[in-house]
Amino acid sequence: MIQIPRGTQDILPGEVEKWQKLEEIARNICTNYQYQEIRTPIFESTELFLRGVGDTTDIVQKEMYSFEDRGGRGLTLRPEGTASVVRSFVGNKMHGNANQPVKLFYTGPMFRYERPQKGRFRQFVQFGVEALGSQNPAMDAEVVSLAMTIYKQLGLKDVKLVINSLGDTESRLAHKEALTNHFAPRIGEFCGDCQSRLEKNPLRILDCKKDRDHELMKTAPSILDYLNTESKEYFEKVLAFLDVMEIPYEVDPTLVRGLDYYNHTAFEIMSTAEGFGAITTLCGGGRYNGLVQDLGGPETPGIGFAFSIERALAALEAEGVTLVDEPKIDAYFIAMGQEAVNTAVGIVHAGRAEGLSLEMDYLDRKMKAQFKAADRLHAKHIVIIGEDELAKGVAVMKDQTSGEQEEVALENLIKTLKA
Ligand code: HAM
């Protein structure tokens, strides 16, 4: 038997309905917030992620599914959606769109070669948004509130918003220098990755999984102490808007995010549900003001977030929230005898075309087994057509909730079921 690849999963009937419901809720909220859907390819030029996500990140250094196609092009299965959306924004000159800012959402599979564990997959589905073209703290607050609204409407209660500011370029440079000075004297005690990151991007040391418990991590200079006045004011305004919206948050100066494109606002939403598991981050996002330019477009600010549907569903399970009711069908048809089956096939076909959800037996089962099948499908009605009924031109329609049954003329059956 061929095994499913490690870190991937089949979403089977019974489970897939939850995915559909979750996507429906998220889509509807995005529509209310005036975000429009964008669909980009699942593979992109490897170069896009080297430049977009950053070549000192774990994602680029260790986790990409990269390959050469038969034409020798370097391609990568997308590990995230932001770089692709920004590539498309630039390529399609969306900065020239009449409606600004450009507000987009997307959903689809992402691929990262990570060590699979609970809540961590090699193929997972992200739902994300990107708002491009506005450098306004109200925009940051909107994006955060959109994510929080999705979790709220899903019915999650045990979620916590953690927020930080990574500041503008000037602030980041000052912080970078402080980090370098902090780690340099004892960099020999850190892993090889951290050593190579010291010069290029010491911020990345802070989210190293191996050296997480080193004492220098706890005493590392905080970005909040290096924000210049402008960055500090920007952050304060974002927080003030969150206060206006009555969205509670916790400022965490150690939150740095694992992708290189961020500046100013960075945030994560965590599950605080008991028994959720070791990985508690449900959603991550932030501002990326330099990215459009880095990918060849005009200077354009941007902010967004993404969350995985897998982790959202795990959080729902941890909190005991049911997202979908048991599916019901309008009627199950039980036909006895060839002629009755012919009649039933015709009515079922016509009824389905009119929007009814109908089912009938295709296994030549006995009457009793067909009743059981109807129960399993939670049929609201059972329609019985036997030889006697056929002779009278009627069917017996049984209401499964009240137990009442009545004879209905065959030609009125669909109309009656619809009513
Ligand atoms: P990220 O923090 O790398 O950010 O991923 C965002 C979310 O994707 C995580 O919070 C988590 O829910 C989910 N996720 C990531 N890796 C896995 C995995 N291996 N298995 C299951 N779920 C996973 C980004 O991807 C940014 N593009 C977000 C963003 C959009 N920033 C601005 N705009």
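The UniProt annotation "domain: Aminoacyl-transfer RNA synthetases class-II family profile", from an unreviewed entry, covers residues 1-327. UniProt positions follow the numbering used here, feature names are shortened, and annotations may be inferred rather than shown by experiment. This is a predicted model, in which local features need pLDDT of at least 70, side-chain atom pairs count only at pLDDT 80 or more, and totals for chains, interfaces and linings use all residues. Residues are numbered from 1 along each chain as its sequence is written, and side-chain values use heavy atoms, with hydrogens and water left out.

Over residues 1-327 the chain is 35% helix and 20% strand. The end C-alpha atoms of that stretch are 32 Å apart. Helices (H or I, at least four residues) and strands (E, at least two) are DSSP runs, numbered from the N terminus.

Next come the annotated positions. In the unreviewed entry, UniProt places the feature "binding site" at E80, G81, T82, R112, Q126, E130, R257, Y261 and Y262. Of these residues, Y261 and Y262 are included in the lining of the second largest pocket. A pocket is found on a 1 Å grid over the protein atoms alone: it is an open set of points where a 1.4 Å probe fits, with protein on both sides within 12 Å along at least five of seven lines, and lining residues have an atom within 4 Å of a point.

Take T82 from that list. T82 is found in helix α4, residues 82-91. Its relative accessibility is 7%, so T82 counts as buried. Buried means under 20% relative accessible area, exposed means over 50%, and partly exposed lies in between (1.4 Å probe, protein chains only). Contact means heavy atoms within 4.5 Å. Leaving aside neighbours within four places in sequence, T82 is in contact with Y106, E130, Y261, Y288 and L291. Two of these partners, E130 and Y261, also carry the "binding site" feature in the UniProt entry.

R112 sits in a loop, between β5 (102-111) and β6 (123-132). R112 counts as buried because its relative accessibility is 15%. Beyond its neighbours within four places in sequence, R112 is in contact with I59, E63, Y65, P79, E80, F121, R122, F124 and Q126. Among them, E80 and Q126 are also "binding site" positions in the UniProt entry.

Now the charged pairs. Side chains of opposite charge can pair when their charged atoms come close. The structure holds 27 salt bridges. Each is a side-chain nitrogen of Lys or Arg within 4 Å of a carboxyl oxygen of Asp or Glu. E15 and K18 form one of them, at 3.2 Å, N to O. E15 is partly exposed at 32% relative accessibility, and K18 is partly exposed at 26%.

E47 and R51 also meet in a salt bridge, at 3.3 Å, N to O. These two residues are four apart in helix α2 (residues 46-52), so about one helical turn separates them. E47 is partly exposed at 42% relative accessibility, and R51 is partly exposed at 46%.

A further bridge joins the side chains of E189 and R186, at 3.0 Å, N to O. E189 has 43% relative accessibility and counts as partly exposed. R186, at 29%, also counts as partly exposed. Salt bridges that share partners join D58, K62, E63, D193, R197 and K209 into one network. E63 of this network is also a contact of R112.

S145 lies in helix α5, residues 137-154. With a relative accessible area of 3%, S145 is buried. Apart from neighbours within four places in sequence, S145 is in contact with Y33, M245 and I247.

M245 lies in the loop between α9 (229-244) and β8 (250-251). At 36% relative accessibility, M245 is partly exposed.

Helix α11 (residues 309-318) is largely enclosed by the rest of the structure, because seven of its 10 residues are buried. The buried ones are I309, E310, R311, A312, L313, A315 and L316. Just after α11, G320 takes a positive phi of about 70°.

The loop between α10 (291-294) and β11 (302-308) holds E299. E299 is exposed, at a relative accessible area of 65%. E299 and G14 are 285 residues apart in sequence and 46 Å apart in space, C-alpha to C-alpha.
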